[in-house]
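Please look over the chain below, which is a predicted model, and keep it in view while reading. The paragraphs that follow go from a pocket to a helix and then to single residues.

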Amino acid sequence: MQLGSDFIRALMQLTEERNLSQSIILGSIEAALASAYKKYKEKNLEPEVKIDGETGDISIMEIRRVVDEVKNSDAELTSEEAAALGFPGLVEGDVVKTEVEIAPESFGRIAAQTARQVIIQRLKDAEREIIFNEFSERVGDMVNGVVFKAENDQILVRISERTEAMLPREERINGETYELGSRMKFYLLDVRQTTRGPRIVVSRTHPGLLRRLMELEIPEIRDGVVEIHGIVREAGARAKVAVTTLDPNVDPVGACVGNGGSRIKTISNELNGEKIDVVIWSDDPLQYIRNTLSPAKVVRVEPILEQEKSAKVFARPDQLSLAIGKAGQNVRLAARLTGWKVDINPLEAPEKDSMPTLQDLFEDIP
């Protein structure tokens, strides 16, 4: 049998429209015709359909398995029955394929409806599988998306022509608006397969989004000249990024900030004006704590010997509020970035008429 040139043209058109491979579509049609034939025969058969994608030739075969005792005569037969059909020497477990000469047009209306449902479901399953495979490999990447639904608690983002993602409330930046049609960058947080297709979750608050934005805007990070050691965020308000480099000719903080702050401003604007502090990473934990409290200048950092990973920080009165930050934000982010508990303390004023020490003089130099 041959499905003809019209079938080949329809097959090519479907391949382009669905962006699916010809083998996937042919497999769907073969499964659909097998179901339709089974419906048409009204028997418990195991038909097999093969379609040649080049010529449109179609073959339908009834498959029966060789068994010792036949319980389903539609799908089973004995070795003696197989021999009588011209298949001698078969043993239990072998299969017999018998080609059937019938045109699909003969299957009838109900069988055709069955075939249609099978094709639709198979193609939908194939599309879901492709989307899942594509995006499950990209978890941790940054994606561009357009907000196309923002109602009540539900915000949906279109991240490709046929793919939607969900932005849960806990992954949104406080105070940020998500207007219909607005284009944004998102962090691809999670992709899971469900009975209703892939469930894709994106985030605007994840530290990974800030990392990807820095890789995008700062060539020194993208090329590996400057390395990011850690990122903490209070999304939409403030973030701290610890950086370092092995190249003595590169200023890692200057490279990230850019000329006139241009690079970091671009990133900040993308994150709804989030303030971003770029600090130097150090393998000396006390120096690292001092750096992370930037822009505050602290005088002294001392470990608390009785407590593991705890430090006392001393700052002059005029630097105290800067070190602590609004509602404790600066010291809280510094503690999260270093992994140390940080206790900010005022530096006692020196006795009147006492001479400043050499250390005091250096601490006042910006």
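The residues that line the largest pocket divide into 6 nonpolar, 3 polar and 7 charged, where Ala, Val, Leu, Ile, Met, Phe, Trp, Tyr, Cys and Pro count as nonpolar, Asp, Glu, Lys and Arg as charged, and the others, Gly among them, as polar. This pocket holds about 420 Å³ of space, and of its 16 lining residues the closest to the centre are E164, R196, G197, P198 and R199. Two or more lining residues come from each of α4 (109-136), β6 (154-160), β7 (163-166) and β9 (197-203); helices (H or I, at least four residues) and strands (E, at least two) are DSSP runs, numbered from the N terminus. A pocket here is an open set of points, on a 1 Å grid over the protein atoms alone, where a 1.4 Å probe fits, with protein on both sides within 12 Å along at least five of seven lines, and lining residues have an atom within 4 Å of a point. The volume is the space filled by probe spheres set on the points, which are joined across faces, edges and corners.

Residues are numbered from 1 along each chain as its sequence is written. Because the model is predicted, local features need pLDDT of at least 70 and side-chain atom pairs count only at pLDDT 80 or more, while totals for chains, interfaces and linings use all residues.

The domain assignment gives domain 1 (5-134), domain 2 (138-203), domain 3 (206-281) and domain 4 (284-355), with bounds that come from an automatic or database assignment. Domain 1 and domain 2 each give at least three residues to the lining of the largest pocket, whereas the C-alpha centres of domain 2 and domain 4 lie 39 Å apart.

Which residues of helix α8 (residues 262-270) are buried? They are I264, I267 and S268, buried meaning under 20% relative accessible area, exposed over 50% and partly exposed in between (1.4 Å probe, protein chains only). These residues cover an arc of only 100 degrees around the axis, and therefore sit on the same side of α8; the arc is that of the directions from the helix axis to the C-beta atoms. Among the elements that cover them are α5 (207-217), α7 (252-257) and β12 (275-280). Helix α7 also contains V253, which, not counting residues up to four places away in sequence, touches V243, V278, V279 and I280, contact meaning heavy atoms within 4.5 Å.

G140, in the loop between α4 and β5 (142-151), is buried, with a relative accessible area of 7%. Its C-alpha atom is separated by 5.4 Å from that of L188, 48 residues apart along the chain, and beyond four places in sequence G140 touches Y187, L188 and R212. Q329 in helix α11 (residues 329-338) also counts as buried, at 14% relative accessibility.

Most residues other than glycine have a negative phi, and most peptide bonds are trans. N272, in the loop between α8 and β12, has a positive phi of about 60 degrees although it is not a glycine, and its relative accessible area of 36% makes it partly exposed. K309, in the loop between β13 and β14 (310-315), has a positive phi of about 50 degrees and is partly exposed at 45% relative accessibility. The peptide bond from S294 to P295 is cis, with omega near 15 degrees.

How values were computed:
Side-chain values use heavy atoms; hydrogens and water are left out.
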